[in-house]
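Student: I am new to this structure and would like to go through its salt bridges. Can we take them one at a time?

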Amino acid sequence: MIGIAALWIVVLLLAGGFALDRILTRTVVDNFDDQLEYNLNAMLIAAEIGPDGEVYLNRALADQRFFEAYSGLYYQISGPGFEAFPSRSLWDRRLDPSIQHNDEDIHVRNSYEFDGEPLRIVETDAYIPESDVRWRFQVAQSREELDSQIRDLRTTLIQSFAALGLGLILMAALQTLYGLWPLRRVAKEVAAIRTGQRQRIDPDFPREIMPLTEEINELLEHNEKRAEEARRHAGNLAHALKTPLTVITNAATAKDANLDEIVRREATVMRRQVDHHLARARAIGRRSSAQARANVAASLDTIERAVARLYEGTTIDITGDREACVRVERQDLDEMLGNLIENAAKYGGGRVFVEIVKSAPMIDIIIEDDGPGIPAERVDELFKRGARLDDTGKPGTGLGLAIVRDVAEIYDGSITLASSEDLGGLMATLSLPAAPEAG
């Protein structure tokens with residue numbers, strides 16, 4: 001930032017300095033030329049023709065330098081066939097009138113005809129009454145004074161603009177360092193958090209930095225929650241596996257005659273718990289994606305085809321908003337809907353009705369079946385791990401609804417169970433957060 005600011009300041013000052021130098025230099029040169037033209041006009045007014053046809057001035061010019069030898073200010077009147085009429089300041093030198101002009105306008109030029117003394121010459125051609133000769137009037141002045149003024153002007157400009165540039169760059173540097181200094185504090189406090197010296201970043205920061213510090217603190221809180229979830233998840237899994245392992249160990253130690261059956265039974269319990277916790281772990285891991293998006297209808301169509309092959313006599317009707325999308329990873333949505341629809345097909349009488357309803361900011365997916373349903377007072381039992389209310393011996397782990405509930409809660413959703421008024425069976429309503437509109 002300091003480098004860019006310095007480069008921009010230098011570019012602007014160079015451009016501005018160049019333009020200002022051109023303007024001021026042009027002003028100094030114009031003033032110099034105006035003084036020479038003034039003397040030239042005075043010569044034209046005072047010029048007359050003498051008895052022998054030669055030109056002379058009927059009155060002396062006011063500037064005394066015309067009468068001092070080599071003073072640096074000169075004039076000369078020249079005409080073809082006549083000897084030049086010079087100022088006394090020229091002494092033994094003469095101006096070169098050989099440059100031809102086809103008009104009588106005033107011309108200004110630089111000349112180096114005198115060694116070591118560059119000249120600024122103002123000249124014009126004119127006719128004098130009583131003479132047919134075209135006379136060349138010239139006024140010349142040494143450029144030493146003019147060049148000295150220009151040098152002094154440029155020196156002043158360079159020094160002033162250099163001081164201004166350094167001051168601006170210094171100001172930009174101080175402003176940048178002062179403006180970014182709070183970020184150094186943020187870095188130090190983050191380092192202190194990493195080393196365990198602090199828990200959160202101090203909120204006392206300028207308002208431009210506060211959004212950053214607030215987001216960092218929220219990220220730290222989010223990570224702590226994730227870590228706490230992981231610890232709780234590991235503890236739950238350990239606790240869930242501890243009892244079956246203890247039963248197996250005790251049976252093995254006692255050399256129980258039914259050890260084989262005990263191992264199979266407890267292994268099934270452990271597999272259920274592992275499946276449950278793995279589903280939660282996958283959902284938690286995918287939840288961090290802010291771009292999670294899944295189309296509900298597409299997921300339902302896929303599940304319908306799979307369930308229809310497993311339960312050929314079941315009819316699944318899907319209606320509602322087919323454009324609705326939820327802020328859930330597709331795999332997790334498939335797992336939740338798959339559990340719910342498979343349960344409806346397994347325990348229903350052959351009809352499953354699914355409706356997609358927008359209920360901002362949520363999307364409700366209502367799944368109804370024509371099965372026997374369940375008593376209202378036993379609804380909560382279905383969400384217990386391994387709970388099963390059927391005694392038909394159909395295969396299952398008893399973890400389906402528990403997994404659906406846990407995964408839905410991970411995505412800030414919910415599931416409710418009630419009786420279906422239309423079909424008479426169970427109605428499950430899965431509510432999930434709606435995804436933002438595309439684009």
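Student: Is R136 buried, partly exposed or exposed, and what is its relative accessible area?

Tutor: This is a predicted model, and the values are computed from it. Buried means under 20% relative accessible area. R136 is therefore buried, with a relative accessible area of 6%.

Student: Which strands does the salt bridge between D125 and R136 tie together?

Tutor: The side chains of D125 and R136 meet at 2.3 Å, N to O. The two residues are eleven apart in sequence, so the pair ties together separate parts of the chain. D125 is in strand β6 and R136 is in strand β7.

Student: How far apart are the closest N and O atoms of E123 and R136?

Tutor: A salt bridge needs a nitrogen within 4 Å of a carboxyl oxygen. E123 and R136 form one, and both residues are buried. Their closest N and O atoms are 3.9 Å apart.

Student: Which helix holds both K225 and E221?

Tutor: K225 forms a salt bridge with E221, with 3.8 Å between the closest N and O atoms. The two residues are four apart, about one turn of the helix. Both lie in helix α3, residues 210-253.

Student: Which residues do salt bridges with shared partners join into one network?

Tutor: R136 forms a salt bridge with E123 and another with D125. Salt bridges that share partners make one network of R109, E123, D125, R134 and R136.

Conventions: Residues numbered from 1 in each chain as written. Predicted model: local features only at pLDDT ≥ 70, side-chain atom pairs only at ≥ 80, totals over all residues. Heavy atoms only, no water. Buried < 20%, exposed > 50% of the residue type's maximum accessible area, 1.4 Å probe, protein only.
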